[in-house]
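Open the structure in your viewer and keep the selection panel handy. We will go from stop to stop, picking something to select and saying what is there.

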Amino acid sequence: MFGLPAATVAIIFGIPAVWVLYTLVFVYLSRGWKAEDVAEDRALLNGGGGSPRPGGDDTGPAASANGGAA
Amino acid sequence: MNIETWFLVIYFVAMAAIGVATLKMGNKDSEGFLLGGRSLGPAVTALRLQSSSMSGYMFLGAGSLAYTKGYFSLWYAMGDIGGGVLNLSILGRRMRKLSQILGSLTSIEYLEHRYPSRWIRAIAAPIAVACIFFYVMTQFIAGGRGLEMVTGIPYAWALLIAVGVIVFYTFLGGYLAVAYTDFVQAIIMLIGMLWILIGTMQAIGGWTVGNEAVGEINPNLLTMWGPDGIESVQWGVIIGAVLVFSIGYMGWPHVNVSHMAMKRPSVARTASMYATGFNLLFIPAPYIVGVMALILLPTLDNPELAVFQVADTVLPDFAVGIVMAGIMAAIMSTADALLLQSGTIASQDLFRRFVKPDMTDRQSVWISRFTVLILAIIGYWVAVNDPPSVAEVAIFATTVLGAAFVPVYVAAAWWKRANVPGAIVSMILGTVSSVGWQLAGLVDSTGIDPMGIGIVCSTLAIIIVSLATQRSHPVPEHVLAALEETEKIGAIPAHLLAGQNDALAGQVPKGAGEK
């Protein structure tokens, strides 16, 4: 294919495909991260608690770990 | 003035304009100047990360490698394509959140806050600033040479112009200027490179025809085993090429600072898609153009000029100007990030930490700017009088950075037992082993890359020493609390941010760092 040996084709298309797959898996596993944005927005609306401002609501929803995505 | 030069002038003016535009936004305080006020979204984060990782090497070195080694050179691209997503997925969210809890403004300060000891910064800062200085100098030289090649301006003046533009917008707007110019430059790099690739394919009659012609020169050039065939392949070099280019970025302070400047920790998720998309389009192109240059320019004297000479051959004049702007973009986007980072390390991590702890944010910003200027002058002086080999110095500097810092950055975010002695020994051993391996000439005799050796040594060091010293040097409670909070998904509780101040927010409790 493309005038290249089969091994070359397999490597130069296969490894990038692995990285694409890795990216998709990462995006899927980290889908819960949106909850963090919601929690931050809520904390800010409640008068500056949570990040980035100290001194406000200290009860932001802190869910369990994210399944190992990061 | 030819049309190529006009394109470069427009490009330089545009970059300087971005510096002016970000002036008011970027210099309010240290966080504004050094991290752009932690305001960057996924697109800017991803493209800034990628463009500052990819220097002029992508246009000069990658083409040269492909011209001399054929498809074997694509091993480097194979690791490189995943470098962005690997960095963002492993470090991105956690480093952003942890750095905010600890109140860190620089990527070296972050290390001291995570591993509370002044020795961490005293060791990390000089290693980083020395490597970054040498690396930025190579970018100055490459920029000067590129400008000289296109415009015909004498090297000394071309170098002065290239350094002047970079310093101008770095000096003005700080991180925000660097981030936005890097974002624009990443797009210019992509357009320029894809234009060359398409022009090359049209000129040779398609990829298949081109490959068949290359195969007639030497069939081994079409394989992944090098021009001498599979019998002479060095597996250590191949494994090193894939792994080092994918994981090495996680040790570069000027790249990792991108994580700390993200608007939210979750930006890392979307940024990873941009990074992988950009890499898939951009990274293989210069290597393929370099291979095809064997047909278009079979008697090239200097392989480093392969990509540029192909562009000059297959593209119209105005397009060459745009492509040249792309080459300058690759060089400048790395140089500005390096320059800002070295200025930051000198002002925040050395001057503020060890000389004048009570200085104001405003003074800190000005010291950073002054340092940028001084480093640029020294860099210019060395580059104009006795320019070293760009490729050798750049590879050496990035090798040491990767070997010294990858394990400490990864362990900082992921391993609660990583402690001060482990981090110190890891950085020292990573540096000494990679430098020693290179200077002793063991690369040729063993076929093993010095970064590979360095990372193995520094990784083993942080694991063994941290475990051995857990009782005498436990990780402080406030760091453990920050790490536990980093694992959770949610807003950072206020009490974890309450102890912060503008200078050394994470240095609590007092005295914890004096071990």
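**A walk through chain B**

Start by selecting α19(B): 15 of its 20 residues are buried, so this helix is largely enclosed by the rest of the structure. Buried here means that 20 or more other C-beta atoms lie within 10 Å of a residue's own, exposed means 12 or fewer, and partly exposed is in between, with C-beta atoms placed from the backbone. Helices are DSSP runs of H or I with at least four residues, strands are runs of E with at least two, and both are numbered from the N terminus.

Before moving on, a word on the model: it is predicted, local features need pLDDT of at least 70, side-chain atom pairs count only at pLDDT 80 or more, and totals for chains, interfaces and linings use all residues. Residues are numbered from 1 along each chain as its sequence is written, while chains are lettered from A and ligands numbered from 1 in the order in which they are written.

Stay with α19(B), residues 420–439, and check its length. Its end C-alpha atoms are 28 Å apart, which agrees with the 28 Å that its 20 residues should span at 1.5 Å a residue (the expected span is 1.5 Å times one less than the number of residues).

Then step to Val443(B), which sits in helix α20, residues 442–446. Is Val443(B) buried or partly exposed? It counts as partly exposed, because it has 17 C-beta neighbours inside 10 Å. Beyond four places in sequence, the contacts of Val443(B) are Trp437(B), Gln438(B), Ile448(B), Asp449(B) and Pro450(B); a contact means C-beta atoms, placed from the backbone, within 7 Å.

Now jump to α7(B), residues 107–114. Here 8 of the 8 residues are buried, so this helix too is largely enclosed by the rest of the structure. Glu109(B), Glu112(B) and Arg114(B) are among the buried residues.

Color Leu98(B), Ser99(B) and Leu102(B) on α6(B), then Tyr110(B), His113(B) and Arg114(B) on α7(B), to see the residues that make the contact.

Finally, zoom out: chain B has 23 helices and 0 strands, and 64% of its 515 residues are buried.

Key. Contact = placed C-beta atoms within 7 Å.
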